Amino acid sequence: MVAGPSGGGKSTLLRVFNGLVPHFHGGRISGNATVGGLDIIATPTRDLARHVGFVFQDPELQTVYNMVDREIAFGLENLALPQREMASRIEEALHAAEALHLLGRTVRTLSGGERQRVALASALAMRPRLVLLDEPTSLLDPEGAGSVLSALMGMVERGTHAVVSEHRLEPILPRAQAMLHLEGGVVVEVDPKTWSAQPPAPPIARQSAIGAEAWSLAKVCAGFGSHVVLDGVDLAGAAGEVVALSGPNGGGKTTLLRLIAGTLAPLSGAVGRRPGRIAYLPQNPAALLHRPTVRSEVTFTIVRAGERESPEAILEALGLMSVADRYPRDLSSGERQRAALAAVLPGAPSVVLLDEPTRGMDSGARARLVSLVAGLRDRGAAVVLATHDAELRSALADRTVNVGGGRALEQPREAVLL
Amino acid sequence: MAAWSATCIFIVLSTTNPAYKAAVLVAAVAALATGVGLRRMRGVLTGVVLIAAFAVLLNFVSAHLGATVLFSLPDQIPALGGPYTLEALAFGATGGLTIAAAILAAAPFSLLLASHEVMDALPASLSRTGAAIAASLNLVPAVAASFVQVTEAQRLRGWRPRGPKSWSEIVVPVVLTSVEGSIQLAESMEARGYGSGPRTSVKPRRIQLDDWLLIGASGAAFAIFLISQATGWAAPWYAYPSLTPPAIDATPLVACLLLFAPVLIWRSRS
């Protein structure tokens, strides 16, 4: 296992194992590294691919073909495997990835967890001795993450080595034989049996009471074309309240956020919201980053919102001062996530909508986010979080709403702490 | 399929006669309706109708030629002033017919065939290129989704469309996100040995009897129409100076009717 804070070098280290660093990404490298007896600097990645497989973080950006069996055959075709051997290798790989039932399916119809298992099968089809997995579950819901980790454990039990980089360590920590902690480019070997995760961020007591209604959905139906995602939903949120949305990917959490934001019109029903600025963190937050520095992203929002706040306040709150003058798209995925948060949250938004805000974040960054959102809550913002992160929900949520199957089912309101 | 599409496009572009263009258009619609179904074609048909209507309108308002005047606008109006004629409308309609037929002739490649089927049909020497193209096509829906997401997010940060320069706040992040997505996909391909040498194929495509029938019908249609053009049987047509009905000869018409072959072949298969 490889663990450590975001921006510490975990993804770079994994890419050294299969030669993507330096052959694909360039840069400077010194020292030597061997995998399976092969010198990674002297051996191109496409030759190392016979011995080392890789599963990347985003299940949607690893697919060449739209049919599952075709996708798994891609690596075998690159190896010039005889056509008569491919069918059996494809089945063998899908079985190893616990995804044999996906044979013949269209990749676009698969869930995130299923797509990651297809990605794992694509790597296993080439019969590597080592498989690298770079945060394979960070974009998945709990069910998808569980299925991928189960397939990973099965693969290891059958004799394939694995190096996994993850922030959510608890599910696989008991099975890890070795652990590396990576911070600031420095690797420290840690005994996984004695390593303990940082305790979850405690709930922050509120400094103000929940106020008047800030947004509402009344008998709202929403969807795309003939596909109805939300069916007759009644829901409301108040100023100074944090509502957490849980549920499977594709269940309607993002649709609900877009309805509240006003960027998606309902098919029927009414959506109401109070006047004021809406801060919205989309599902792919890097998509909105386009300024030359992190600081200028924050300033962009402050100026447009007519606020007078200094960008340093939010940069400090999110631990971004050390990267404030860097190009946001050069940052690690966790740092980029925080940069996007800094870009949408400055000032005093009246409604705050966050879609998976802790994606790729380590526990330290999560604690900073909890503190920041608690501050916004106490200043009267109505906050809605769509998140799989149970720790974030327990630290912040006044209410949790489960969204899925077209419904939004509320759980009882928790006691208000003063 | 490629032979059929190429023949349709050849006939539509090589003749000025709207009768033969219309025959090709009807054959293309019939083939798509048989292979894909009218429901799946709705989007393409809507787009084609809009594009063709635009072509008709453009010619009608800009070409003030022809003997049959429908109405006139004062000559002092720049570009739009002058006589509006039936001949200009008919010539524009012929242009719209050409565009519609050409688009629908090429539509099977996106509506009927999966990208890997098109790539599998490429010769072995183009296999690596085909894989790269198939991967690129998979990114196209992501670009469209990214545009929507970025526009929504930037609107909530205060962005409004205020002239061409303001669109850079949308276009730049969309382009950057698309480039990053393609880099990540390229990384995934390299990690699976892409570019390591000659490639094999999991499903080498063998030409079946139905394929030969379609190739034969398309080849015959191509040859017959080419001969018809050379001998003058496929008479040209021109809307100006006054409108006359297009001449229709049996031989080039037979060539157009051969383009209905997919309808017969696919119906007999099902």
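Me: Is A:E135 buried or exposed, given its C-beta neighbours inside 10 Å?
Reply: This is a predicted model, in which local features need pLDDT of at least 70 and side-chain atom pairs count only at pLDDT 80 or more, while totals for chains, interfaces and linings use all residues. Residues are numbered from 1 along each chain as its sequence is written, and chains are lettered from A and ligands numbered from 1 in the order of writing. A residue is buried if 20 or more other C-beta atoms, placed from the backbone, lie within 10 Å of its own, exposed if 12 or fewer do, and partly exposed in between. Because A:E135 has 24 such neighbours inside 10 Å, this residue counts as buried.

Me: In which loop does A:E135 lie, and what is its phi near?
Reply: Helices (H or I, at least four residues) and strands (E, at least two) are DSSP runs, numbered from the N terminus. On that basis, A:E135 is placed in the loop between strand 5 (130-134) and helix 7 of chain A. Its phi is positive although the residue is not glycine, with a value near 45°.

Me: How does A:E98 count, with its C-beta neighbours inside 10 Å?
Reply: A:E98 sits in the loop between helix 5 and helix 6 (112-124) of chain A, and its phi, near 55°, is positive in a residue other than glycine. Since A:E98 has 19 C-beta neighbours inside 10 Å, it counts as partly exposed.

Me: Where in chain B is B:P241?
Reply: Most residues other than glycine have a negative phi, and most peptide bonds are trans. The peptide bond from B:Y240 to B:P241, however, is cis, with omega near 0°, and the bond from A:V21 to A:P22, where A:P22 is found in helix 2 of chain A, is also cis, with omega near 10°. As for B:P241, its place is in the loop between helix 9 (209-231) and helix 10 (250-257).

Me: Which helix of chain A gives the most to the side that touches chain B?
Reply: Two residues are in contact if their C-beta atoms lie within 7 Å, and by this rule 49 residues of chain A are in contact with 43 residues of chain B. Several elements of chain A each supply at least two residues of this side, among them helix 2, helix 3, strand 13 (278-281) and helix 9 (294-305). The greatest contribution, 6 residues, is that of helix 4.

Me: How far apart are the centres of domain 1 and domain 2 of chain A?
Reply: The bounds, which come from an automatic or database domain assignment, are 2-190 for domain 1 and 213-410 for domain 2 of chain A. Across the boundary, 15 residues of domain 1 are in contact with 15 residues of domain 2, and helix 7 (residues 142-157) gives the most to the domain 1 side, with 3 residues. Taken over C-alpha atoms, the two centres are separated by 31 Å.

Me: What percentage of the 270 residues in chain B is buried?
Reply: Chain B has 11 helices and 2 strands, and its C-alpha atoms fill a box of roughly 65 × 60 × 30 Å along the principal axes. In helix 8 of chain B, the buried residues include B:E169, B:P173 and B:L185, and their cover includes helix 2 (20-24) and helix 3 (45-48) of chain A together with helix 7 (127-156) of chain B. Over the whole of chain B, the buried share is 33%.
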